[in-house]
Amino acid sequence: MAKYICIHGHFYQPPRENPWLEVIELQDSAYPYHDWNESITAQCYDPNAASRILGPDGTIIDITDNYQRISFNFGPTLLSWMESKSPETLKAVISSDMVPEDKFSGHRNAIAQAYNHIIMPLASSRDKRTQVIWGIREFEHRFNREPEAMWFPETAVDLESLDMMAEHGMKYVILAPHQVCKVRKIGDEAWTEVANGGINTRMPYLCNLKSGRSIAAFAYDGPISKDVAFSDLLNNGENFAGRLVGAFDQGEEGDQLVHIATDGETYGHHHLNGDMALAYCLYYLESKGLAKITDYGEYLENHPPTHEVEILENTAWSCVHGVERWRSDCGCNTGGHPAWNQKWRAPLRLAMDWLRDQLAAIYEREAAPYLKDPWQARDDYIYVILDRSVQNVSKYLTEHSVKDLSQDEKVRVLKLLGMQRQALRMYTSCGWFFDEISGIETTQVMKYAARAMQLARDVSGVDLEPEYKKILTEAQSNIPGFGNGAEIYEKMVKPAAVDLYRVTAHYAISSIFTKYSPVARIFSYTVDNLVYDLEEMGINRLAIGKVRAQSELTWEEEVLSFAVVYFDGHYVSGGVRKFSGDENFEVMRTEIKDPFSKSNIPDVLRFLDKHFGDHNFGLWHLFKDEQRRIFERILEPHLKEIAGDFRQLYDHDYTFMQVMKGVDVPLPEAMIVIRKLVLNGALKVALEEENIEELQKAVDEIKRWPVDLDVPGLTFTAGRKIERLMERLRDKPEDINLLQTINYMARALNDVHLQPSLWKSQNILFSLSKQYFSGIKARAEKGDDKAKMWLDLVQELENFMHVRIP
């Protein structure tokens, strides 16, 4: 009996992009990171590309790529985010699929995923087809090859979806064991019932489909997968390996495959350092010769199915009630709020289904005069999503249009296609998975719906929002004060909506604080500066301009004029309107500039109201990241003043605080707060400025007093600073001064028990040590004092970073 092991990781994050801006805005809950994608990348996606093998003393003895030795899929929308925000991570993932030809008998270890992570059995036939096609095309774009298989979100399966997979060349599907209900040897007539996970998971099966097509099915080992995801099996890589090996049946003839499937985020995000357990597990299996590591494609080629199965339709791996978790109050939830219910799921699903059908009718009707085949055009729209260059979009429109389109008609077609894209995004499974309708995942799918309805209104004049909200009134929140889904939509979804007026308002306000290029890119929009005046009177500023704002997604554009005034150090008021000619623009400019030149702010505001009326705006119209940056800039002088005052109070009362400490008298709360702010601030500034003297002073003070440190913020700052220093060391590996600075910083962090993430720094040190250690050691042995110092400093740094080079 030959033993084979395959571990599959489903790597995915719910799409978090603002559907108008196509970017993830600042998420405070992910502090100290910008957003949750960035945080989970640091915890999971990056570490799995360079995971650590630890020796008996807990130091790093090797760094290995987990992706190269497992089967995996990445959600297409996650890879799209990586492309712009974490390109090195994307490069590592793609490279991991390019294993040597003899690694898995020529098979690659990445597979595709249905595009938007929708629950396939609950989708319309048309949407299922688009999801399969988009998933395949996106995979081909990223990995430069055809996929062998496709991951179904939540492993939710039905025969129609499987048939579409098979039709498009997919060879196998991965399922949970309870999703198979019958099995028989190929050629036999009698079926054996294997409900409730009774199937032998150590072999592949054949699933014959009504169309005459077939697809192979792998049912993963349920108990081990569950323990990896939800138990403590990842606490020890050797135990993990032992559990996998223990799943082989010694009494069973023939080769066997033990395989598991979990969320990829299990390895690092859900379980801290889970990537290291996975790395050691794979290392242990291979080094001890306990089993051969394989992937599904290789195993299937060498072990064609001898048995066939019938699947249990409308089932998924994360719901024991089929697929009810995504349409009813079935009882499946995260377990964090036992008193809550999920009755809101049904009306949310009803609202989305109603909206989908309305949007489909609008799309067919409005696209018919322009597109040869509107639904084929939607299937091919993935090529536009992947490349929005004017040349590529123009080529796409030419291929699918029934005639030469005017510019207005092109805008209309792109809006219709964008509407359909949002209609698919609004079914992202996470919208129903969690416990509460006001949660960020559910309001996110509502935002996709809102954008779809906005585009539908633009192209057809039909306002679908009233009926959509009417259905949502039946979706009751569990949180007092939120009311129902319609109220949540009004409070948490509609304020996120964007049009060209709001984009111009954002540009106008931020232009007071940021110098823009003549053509500025603001997320998925461009703003062409046609006229711009900036006046300053002391701390007050006035900007008046004329711009052409355009959407990069729909090509919609408009010429708009604006005026905005910033006064008293923190007030902002302005307006945007459609450009109505040079004469009116000059009148507006003159009437607002004249009182501003005399510091007559009340008249400035009066004329703003006269010329812009209801189209006014303020700081709340800024997009979140820029809003935060401008608030910080406005507050910066005030905060510096406050910090200086607190420092004076701290220094003034220092002796008295020492006396109180000496006689065990507790400090007043005000003094504790001042001390916390002063010392946290001093430590952060010293780290950022690489000021070793001030860093040591701050550390000495913190050691002297009990201080509540901002551990997340300081460790993030320290980790990033050490990374930058290590990157400089990579360029100048023999820079003694730089090595000393890094070691000084390391000692200081140890003194205050701060443990920053050193993943990238460890990678650099490991590489540098392997590359230079032997040569410099040889120089040291010949009496080179500088080489001796380098060795001492590098060995100290290795101790700090827990790296050991054999």
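**Cores, aromatic pairs and strand pairing in a predicted model**

F585 is buried, its relative accessible area being 3%; buried denotes under 20% relative accessible area, exposed over 50% and partly exposed in between (1.4 Å probe, protein chains only). The model is a predicted one, in which local features need pLDDT of at least 70 and side-chain atom pairs count only at pLDDT 80 or more, whereas totals for chains, interfaces and linings use all residues. Residues are numbered from 1 along each chain as its sequence is written, and side-chain values use heavy atoms, with hydrogens and water left out.

The ring of F585 pairs with that of F579: the centres are 6.0 Å apart and the planes stand at 55°, so the pair is tilted. Rings of Phe, Tyr and Trp (its six-membered ring) are taken to pair if their centres lie within 6.5 Å, with planes under 30 degrees apart counted as stacked, over 60 as edge-to-face and the rest as tilted. A search of the whole structure finds 33 aromatic pairs. Another tilted pair is formed by Y172 and Y296, at 5.7 Å centre to centre and with 50° between the planes. Y172 belongs to strand β7 (residues 172-175) and Y296 to helix α9 (residues 296-302), so this pair ties together parts that are 124 residues apart in sequence. Helices (H or I, at least four residues) and strands (E, at least two) are DSSP runs, numbered from the N terminus. Both Y172 and Y296 are buried. One aromatic cluster consists of F11, Y45, Y67, F72 and F74.

The charged end of R325 is placed over the ring of F433, 3.6 Å from its centre. R577 lies over the face of F612, at 5.6 Å from the ring centre.

A nonpolar core is defined as a set of buried Ala, Val, Leu, Ile, Met, Phe, Trp, Tyr and Cys residues joined through side-chain atoms within 4.5 Å. The largest such core holds 173 residues, of which I5, I7, F74, L162, F240, L244 and Y468 touch the most other members. Helix α16 (residues 440-460) supplies the largest share of this core, 10 residues. Apart from this core lies another, of 53 residues, including L687, L709, M745 and F766. With neighbours within four places in sequence left aside, I5 is in contact (heavy atoms within 4.5 Å) with residues including L244, V245, F248, L257 and V258. Also among the contacts of I5 are L285, A291, K292, I293 and T294.

Helix α13 (residues 390-400) has buried residues N392, V393, Y396, L397 and H400. These cover an arc of only 135° around the axis, which puts them on the same side of α13; the arc is that of the directions from the helix axis to the C-beta atoms. V390, Q391, K395 and T398, on the other side of α13, are exposed. The cover of the buried residues includes α11 (374-380), α12 (382-386) and α14 (407-425).

Two strands pair if DSSP finds at least two bridges between them. Strand β2 (residues 51-54) is antiparallel to strand β3 (residues 60-64), with four bridges between them, and R52 has I63 in β3 as its bridge partner. The two strands form a hairpin with five residues between them, where G58 in the turn has a positive phi of about 85°. Strand β10 (residues 205-208) likewise pairs with strand β11 (residues 214-219) in the antiparallel sense over four bridges, and C207 stands opposite I215 in β11. In the hairpin of β10 and β11, with five residues between the strands, G212 takes a positive phi near 100°.

An open sheet of six strands has the order β15-β16-β17-β18-β19-β20, with antiparallel pairing. Its edge strands, β15 (519-522) and β20 (616-617), each pair on one side only. Within the sheet, strand β18 (residues 557-567) and strand β19 (residues 571-578) pair over eight bridges, and V564 stands opposite G574 in β19.

Terms used
Lys NZ or Arg CZ within 6 Å of the ring centre and 35° of its normal.
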